Amino acid sequence: MSDFTIKNASFVMSYANKERPPEQTTMEIAMVGRSNVGKSSLINCICNNSKLARTSSTPGKTRQINFFSVNKGDFYLVDLPGYGFAKAPKSEKAAWGELMESYLASGRLTHIFLLLDIRHEPTAEDKQMFEWIVYFGIPFTVIATKADKLPRSKQKQEANKVAKQVGAPPFAIAFSSESKLGKEEVIARIGSILSDVKERNESADANE
Ligand SMILES: Nc1nc2c(ncn2[C@@H]2O[C@H](COP(=O)(O)OP(=O)(O)OP(=O)(O)O)[C@@H](O)[C@H]2O)c(=O)[nH]1
Ligand SMILES: [Mg+2]
């Protein structure tokens, strides 16, 4: 186990395609998933700050790409607007598609956390999103959210099942921002992604 911890996190900026995104840093991990699946809540949970990213029981709360700087600028966690928000007007859905596509294609992303509700079979949009992630070649981890809604005996099995159903290898972290299940596992995952990136950067520097 690494001794990686999240010591502090702060909001940097919201980005909606018109402004310039923040200066790139060591790495960027983005939360991707259906509206209401718990992306903003996961960021708040692992950063121990319930007010960091705005959450809501009404789907469609996050409308822009929000950057959060962690451990004094060491890396960014990125909260994305959700998809599958039925009430959104057509123009907004089109804007969402453009924003997401340009962000995924930007080459900034180190890793994606694909969040799926542990209780439901992934939707056509989840599967489409997964195909985009594969198309853009971005490394990912599947996180099955709201695990507190299932009995403990089913959590691991159902988490792996949704990963398989979306088309990914059948492994997912069972997570709950309510019960904090999987919190340490998600943090350890971030720690290992970060140490891989740093190692790669060091060997690239050494080869120059
Ligand atoms: N029971 C339970 N509820 C959760 C969990 N995570 C989030 N929620 C609730 O689900 C709702 C949506 O959470 P958000 O974190 O705002 O979801 P989001 O994915 O950011 O949604 P958008 O910003 O609309 O894309 C809120 O009412 C949360 O309190 C969880 O682990 N367990
Ligand atoms: Mg949100």
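Modeller: Helix α4, residues 152-166, has 15 residues, and at 1.5 Å a residue it should span 21 Å; its end C-alpha atoms are 22 Å apart, which agrees. Please keep in mind as we go that this is a predicted model.

Biologist: Okay, and which residues in α4 are buried?
Modeller: The buried residues of α4 are Q155, A159, V162, A163 and V166.

Biologist: What covers them?
Modeller: The cover over the buried residues of α4 includes the strands β5 (111-117), β6 and β7, together with the helix α3 (124-135).

Biologist: And what follows α4?
Modeller: The residue after α4 is G167, and its phi is positive, near 110°.

Biologist: Let's switch to α5. How far apart are its end C-alpha atoms?
Modeller: They are 35 Å apart, and this agrees with the 34 Å that the 24 residues of helix α5, residues 183-206, should span at 1.5 Å a residue. In α5, the residues R189, I190 and L194 are buried, and the buried residues of this helix pack against the strands β2 (28-33), β4 (75-79), β6 (140-145) and β7 (173-174).

Biologist: You mentioned β4. How many of its residues are buried?
Modeller: Five of the five residues in β4 are buried, so the strand counts as mostly covered, where a residue is called buried if 20 or more other C-beta atoms lie within 10 Å of its own.

Biologist: Which way do they point?
Modeller: F75, L77 and D79 point one way from β4, while Y76 and V78 point the other way, and all of them are buried. In a regular strand, side chains alternate between the two faces of the sheet.

Biologist: Does β4 have partners, and are they parallel or antiparallel?
Modeller: β2 runs parallel to β4 and is joined to it by four bridges, with I29 having L77 in β4 as its bridge partner. Strand β3, residues 65-70, runs antiparallel to β4 and is joined to it by five bridges, and here F67 stands opposite V78 in β4.

Biologist: What lies between β3 and β4?
Modeller: β3 and β4 form a hairpin with four residues between them, and N71 in the turn has a positive phi of about 50°.

Biologist: New topic: which residues come nearest to ligand 1?
Modeller: Of the 24 residues around ligand 1, those that come nearest are G38, S41, T55, T62 and G82. By class, this shell has three nonpolar, 15 polar and six charged residues, and helix α1, residues 39-46, gives the most to it, with three residues.

Terms used
Residues are numbered from 1 along each chain as its sequence is written. Chains are lettered from A and ligands numbered from 1 in the order in which they are written. This is a predicted model: local features need pLDDT of at least 70, side-chain atom pairs count only at pLDDT 80 or more; totals for chains, interfaces and linings use all residues. A residue is near a molecule or strand if its C-beta atom, placed from the backbone, lies within 6 Å of it. Helices (H or I, at least four residues) and strands (E, at least two) are DSSP runs, numbered from the N terminus. Ala, Val, Leu, Ile, Met, Phe, Trp, Tyr, Cys and Pro count as nonpolar, Asp, Glu, Lys and Arg as charged, and the others, Gly among them, as polar. The expected span of a helix is 1.5 Å times one less than its number of residues. A residue is buried if 20 or more other C-beta atoms lie within 10 Å of its own, exposed if 12 or fewer, and partly exposed in between; C-beta atoms are placed from the backbone. Two residues are in contact if their C-beta atoms, placed from the backbone, lie within 7 Å. Two strands pair if DSSP finds at least two bridges between them.
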